[in-house]
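This briefing goes through one protein structure by topic.

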Amino acid sequence: MIEVGRVTRCEQSEIPSEGFNCVAVEKRTDWLLCHRCGSKSLATSHFLPASGKYYCPACIHYGRLTTTDYLVWQEETIAPRNITYRWEGQLTVGQKKIAEKLITVYQDKRDSLVWAVTGSGKTEMIFPIINHVLSSGGRVAVCSPRIDVCRELFPRIAAVFPDENVLLLHGNSEESYRFSNLTVCTMHQLLHFYHAFDLLVVDEADAFPYEGDEMLHYARKTALKKTGRNLFLTATPSRFLSQSLAADTEILKLPRRYHGRPLPLPKLIWQNHWENCQNYFFKKQLIQLLERLIVDSFVLIFCPSIAYMRQLYQELLKVYGESELIAVHSEDPDRKLKVANARKRAYQIVLTTTILERGVTFERVSVIVIGANHRIYTKSCLVQIAGRVDRKGEHQNGELVFMYNRKSGAIKEALAEIKLMNQLAREGEEGGM
């Protein structure tokens, strides 16, 4: 059965009379082109001898597509309408300038990029343009490369637009697809849409795995209507993102955090033995640091890998009880529950990987980055981690600590960017660039 507003796979005999369709996997001489994910592959390597079909290997985990399958879609015409818009917050001067400019740029049929420091209130700035597009009869998707970011965004957006029956889609979604004018989803879910959205808001546009992933870039482009527009949100625009923007993209900059306080600069602690979790000198220094921080703060410890995090967790269990200490990572089946409990301050210390570098907010938090010079920590990652500190509330005593044994290029670049954004904030350069 055809799903309105979303691509549906079917065989030729099942193609409905309404809607549009195309062959799913097209064989072109000796290679294959997949119209769902845009990937190209060698035909001879992806042949099914029993059926005589060819298939796409790149997006097979979303359901196998072959040369006899068709992709079918049907558009929904939506008339201009009144939208229930409930947000009682107040934008700062800089936020208001950007929010108004986003609507103007959209009306000019151009893309936008908002470069706003972590903690500046990017989500609040997009509420007015979402309201504008929905009121005009448009359809909106707010997407991110990270599931945690989508989970964070969904209740906030749903509360502002209570009558829109907002849909949340990701790999572990509890709800099946249904048509919605306002969708929150991961970037991967865009593979299931074609010319569906009038506005596509890409939050954390610099984040893995979207950064440099050709399939996800293809998904973003094809999910957008021909007349649709992109709105990119980032605190740390990468060179790749900047180079991929359309020439007439409007770039808007907000260097000031919502509460007006600066982004914290890290305290650099040289620790030559951080790679060995069992090293006496490393453990002694880390525990002394933790004992000082937990007096006033909930502490996030970022680890460079899951394996390292598990080892460090076992070492810290010798000092702290299981009720005080928890570890969470991308493969953790209890990840959602642990993050929710962490927000309630159920623990004193949380060990994590880069899954919590962005999209989550904790009050009264201090942050330690173990092995900040490790290759996993890019400049963007380190700046995002810095933004976890002093993000919400009145607490100003949170600390940011980088433990390292080599001052990497990413550390230097992160320090330079934090200093630059703080300087611009002090100079009052809000709202445009």
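The largest nonpolar core has 74 residues, and the members that touch the most others are L190, L300, V367, V369 and L382. Helix 10, residues 409–427, is the largest contributor to this core, giving 6 residues. The model is a predicted one.

**Nonpolar cores**

- V369 is one of the members of the largest core that touch the most other members. Leaving out residues up to four places away in sequence, V369 is in contact with F302, Y377, L382, I385, V401, F402 and M403.
- Another core, of 32 residues, lies apart from the largest one, and its members include I103, L134, V142 and V166.

**Helix 10**

- Helix 10 is 19 residues long and spans 27 Å between its first and last C-alpha, close to the 27 Å expected at 1.5 Å a residue.
- Its buried residues are A410, I411, A414, L415, E417, I418, M421, N422, L424 and A425. The list holds E417 and N422 as well as residues such as I411 and L415.
- These buried residues pack against strand 9 (112–116), strand 15 (250–254), strand 16 (267–270), helix 9 (379–386) and strand 21 (400–404).
- Just after helix 10 comes G428, with a positive phi of about 75°.

**Helix 1**

- Helix 1 covers residues 93–107. With 15 residues, helix 1 reaches 22 Å from first to last C-alpha, close to the expected 21 Å at 1.5 Å a residue.
- The buried positions of helix 1 are G94, Q95, I98, A99, L102, I103, V105 and Y106. Of these, I103 is also a member of the 32-residue core.
- The cover over the buried residues of helix 1 includes strand 9, helix 2 (122–135), strand 13 (197–203), strand 14 (224–234) and strand 15.
- Strand 9 and strand 15 are also among the elements that the buried residues of helix 10 pack against.
- K109 follows helix 1 and has a positive phi, near 65°.

- Most residues other than glycine have a negative phi.
- K109 is not a glycine, yet its phi is positive at about 65°. K109 sits in the loop between helix 1 and strand 9. K109 counts as exposed because its relative accessibility is 57%, and the cut-off for exposed is over 50%.
- R345, also not a glycine, has a positive phi of about 60°. Its place is in the loop between helix 8 (335–343) and strand 19 (349–352). At 37% relative accessibility, R345 is classed as partly exposed, since that class runs between the 20% and 50% limits.

**Selected loop residues**

- T118 lies in the loop between strand 9 and helix 2. T118 has a relative accessibility of 1% and therefore counts as buried.
- With residues up to four places away in sequence left out, T118 touches A235, R257, L263, V383, Q384, G387, R388 and R391.
- N172 is in the loop between strand 11 (167–169) and strand 12 (182–186). Its relative accessibility is 52%, so N172 counts as exposed.
- N172 touches I147 and R151 when residues up to four places away in sequence are not counted. I147 is 25 residues from N172 along the chain, and their C-alpha atoms are separated by 8.7 Å.
- A50 is placed in the loop between strand 6 (47–48) and strand 7 (53–54). Because its relative accessibility is 85%, A50 counts as exposed.
- A50 and K284 are 234 residues apart along the chain, with 63 Å between their C-alpha atoms.

**Cavities**

- The structure contains 2 cavities of 30 Å³ or more. The volume of the largest cavity is about 90 Å³.
- The lining of the largest cavity consists of 13 residues, and those nearest its centre are G5, E75, E76, R139 and A196.
- By class, this lining has 5 nonpolar, 3 polar and 5 charged residues.

Conventions:
Residues are numbered from 1 along each chain as its sequence is written. This is a predicted model: local features need pLDDT of at least 70, side-chain atom pairs count only at pLDDT 80 or more; totals for chains, interfaces and linings use all residues. Side-chain values use heavy atoms; hydrogens and water are left out. A nonpolar core is a set of buried Ala, Val, Leu, Ile, Met, Phe, Trp, Tyr and Cys residues joined through side-chain atoms within 4.5 Å. Buried means under 20% relative accessible area, exposed over 50%, partly exposed in between (1.4 Å probe, protein chains only). Helices (H or I, at least four residues) and strands (E, at least two) are DSSP runs, numbered from the N terminus. Contact means heavy atoms within 4.5 Å. On a 1 Å grid over the protein atoms alone, a cavity is a set of points where a 1.4 Å probe fits but cannot get out, and a pocket is an open set with protein on both sides within 12 Å along at least five of seven lines; lining residues have an atom within 4 Å of a point. Grid points are joined across faces, edges and corners, and a volume is the space filled by probe spheres set on the points. Ala, Val, Leu, Ile, Met, Phe, Trp, Tyr, Cys and Pro count as nonpolar, Asp, Glu, Lys and Arg as charged, and the others, Gly among them, as polar. The expected span of a helix is 1.5 Å times one less than its number of residues.
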